[in-house]
Amino acid sequence: MSTEIAPRWTDEELNSDGVSKKDLISYLQETGSNDFLLAHKLNGKLNNVAKTAKKPALITAYKALFETKQFRSSDEVSAAEIKHEKTEAPKDKASEEVHQHEKEVPKYTKKVTKKGTGERLPKKGDRVSVYYTGMLEDGTVFDTNTKPKGRKPVSPLVFKVGTGQVIRGWDEALMTMVQGEKARLTIEPEWAYGRQGHAAAGIPPHAALIFDVELVVVD
């Protein structure tokens, strides 16, 4: 049951600077029923309501509350909670879990060609050193650091794994390898260069890529 409440402010006080918009909103949210608050668009967080509400409209709502006696009952939950429940209710938990699972399906496969000697897997942010050869599905090599380029000696690629410095397929796959391990990675376009490709490297759009990689060092 709702309880009748006496007005807190007089008309003179309402129109003075002594009563702010937030004072009115807070009072109305505490005393008005959810139906009343929803009808006057006063449900929601105090600061959010205050951004859009005008004081004359709040005064009108204040007077209407006592005219209609739509006071909050003792067992009524807040309008903010009701709004949240209405937002969350349509979600289907089963489909959401399936969608989450689908997002986590790896977009690469890994075939170990030589077991490593390391004991721990790299973690996000670890510095790794990698030798690699990258190929298209037809076997065309588009990049490698296993052969010298001009006068530049052979050296591994060094970067922080899991931080987006390389394509996602590399970030994800290398964190499943140990030091000394060699593997062949087949990476789907979504975790490689996607629909854009990489024209400068000779990689066409929507290309799956194959990499022979060796994880040399994990720091």
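A crossing of two helices is called left-handed if the near helix is turned anticlockwise from the far one by less than a right angle. In this predicted model, helix H2 passes helix H5 in a left-handed crossing. The axes of H2, residues 21-31, and H5, residues 55-68, come within 10 Å and cross at roughly 30°. Angles under 35 degrees count as roughly parallel, and H2 and H5 are therefore roughly parallel to each other.

On the H2 side, the contact is made by Lys21, Leu24, Ile25, Tyr27, Leu28 and Thr31; these meet residues of H5 that include Leu58, Ile59, Tyr62 and Leu65.

The largest pocket holds about 220 Å³ of space. Its lining consists of 13 residues, and Tyr132, Asp143, Trp170, Tyr193 and Phe211 lie nearest the pocket centre.

The table gives the residue classes of both regions.

| Region | Nonpolar | Polar | Charged |
|---|---|---|---|
| Contact of H2 with H5 | ten residues | one residue | two residues |

Terms used: Residues numbered from 1 in each chain as written. Predicted model: local features only at pLDDT ≥ 70, side-chain atom pairs only at ≥ 80, totals over all residues. Heavy atoms only, no water. Axes fitted to C-alpha atoms, helices over the stretch in contact; angles between N-to-C directions. Helix = DSSP H or I, 4+ residues; strand = E, 2+ residues; numbered from the N terminus. Parallel < 35°, antiparallel > 145°, perpendicular 65-115°, else oblique. Contact = heavy atoms within 4.5 Å. Nonpolar A, V, L, I, M, F, W, Y, C, P; charged D, E, K, R; others polar. 1 Å grid on protein atoms, 1.4 Å probe; cavity = no way out; pocket = protein on both sides within 12 Å on 5 of 7 lines; lining within 4 Å. Points joined across faces, edges and corners; volume = space filled by probe spheres on them.
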